[in-house]
Amino acid sequence: HAKQAYSAAKAPTRTVKNLEYDAIARITHKLVAAAGKGPEGFNTLAAALTDNRRLWTIFMADVASPSNKLPQDLKEHLVYLTEFTRQHTSKVLARQADVKPLVDINTAIMRGLRSGAP
């Protein structure tokens, strides 16, 4: 029992980047899985799109915070991606666009988080 009690203490400390990565990964997985179901999965896709939009809204609030230390050019790119994500999500929900660009954006952000980018 002692081994189990202390093994949790050995667990690596979760960083903000790890948490962001995990959140994006979960939502991206939901987007891909729902899109793979075709028209029958539209309700599930709509829920995943709502989660994705909510996540990007949180990112935007963080980027806009005066305490955010990201470089200005990166902040500007994230603002653009947030706006694109918002608009494209509306098109996907209206069945006028494919979810793939949103998945691609999330995947690129995950790569950036894993690469050690600021």
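This is a predicted model: local features need pLDDT of at least 70, side-chain atom pairs count only at pLDDT 80 or more; totals for chains, interfaces and linings use all residues.
**Ground rules**

Residues are numbered from 1 along each chain as its sequence is written, and side-chain values use heavy atoms, with hydrogens and water left out.

**Entry 1: helix α4**

I started with α4, which runs over residues 72-93. For helices I took DSSP runs of H or I with at least four residues, numbered from the N terminus (strands would be E, at least two). α4 has 22 residues and reaches 32 Å from its first C-alpha to its last, close to the 32 Å expected at 1.5 Å a residue. The expected span is 1.5 Å times one less than the number of residues.

Which residues of α4 are buried? I found Lys75, Leu78, Leu81, Thr82, Thr85, His88, Thr89 and Val92. Buried means under 20% relative accessible area, exposed over 50%, and partly exposed in between, with a 1.4 Å probe and protein chains only. Looking down the axis of α4, I see these buried residues within an arc of 155°, so they line one face of the helix. The arc is taken over the directions from the helix axis to the C-beta atoms. The cover over the buried residues of α4 includes α3 and α5, where contact means heavy atoms within 4.5 Å.

After α4 comes Arg95, and its phi is positive, near 60°. I also checked a pair that involves Lys75: its C-alpha is 8.1 Å from that of Ala64, eleven residues away along the chain. Ala64 belongs to helix α3 and counts as exposed at 58% relative accessibility.

**Entry 2: helix α5**

Next was α5, residues 100-115, with 16 residues and a first-to-last C-alpha reach of 22 Å, close to the 22 Å expected. I listed its buried residues as Leu102, Val103, Ile105, Asn106, Ile109, Met110 and Leu113. Down the axis of α5 they fall within an arc of 160°, so this set lines one face of the helix too. Arg111 and Ser115, on the other side of α5, are exposed. Covering the buried residues of α5 I found, among others, α2 (16-35), α3 and α4.

**Entry 3: rings**

How many aromatic pairs are there? I get one. Rings of Phe, Tyr and Trp (its six-membered ring) pair if their centres lie within 6.5 Å; planes under 30 degrees apart are stacked, over 60 edge-to-face, the rest tilted. The pair is Trp56 with Phe59, centres 5.5 Å apart and planes at 80°, so I logged it as edge-to-face. Both sit in helix α3 (residues 42-64), three residues apart, about one turn. Are they buried or exposed? Trp56 is buried at 2% relative accessibility, and Phe59 is buried at 15%.

Then I looked for charges over rings, meaning NZ of Lys or CZ of Arg within 6 Å of the ring centre and within 35 degrees of the ring normal. Arg95 turns up again here, its charged end over the ring of Phe42 and 3.7 Å from the centre. Arg114 lies over the face of Tyr21, also with 3.7 Å to the ring centre.

**Entry 4: salt bridges**

I count four salt bridges, each a side-chain nitrogen of Lys or Arg within 4 Å of a carboxyl oxygen of Asp or Glu. Lys30 pairs with Asp51, with 3.6 Å between the closest N and O atoms. That bridge links distant parts of the chain, since Lys30 is in helix α2 and Asp51 in helix α3, 21 residues apart. Asp51 also bridges to Arg54, closest N and O atoms 3.2 Å apart. These two are three residues apart in α3, about one helical turn.

Arg86 and Glu83 meet in another bridge at 2.5 Å, N to O. They are three residues apart in helix α4, again about one turn.
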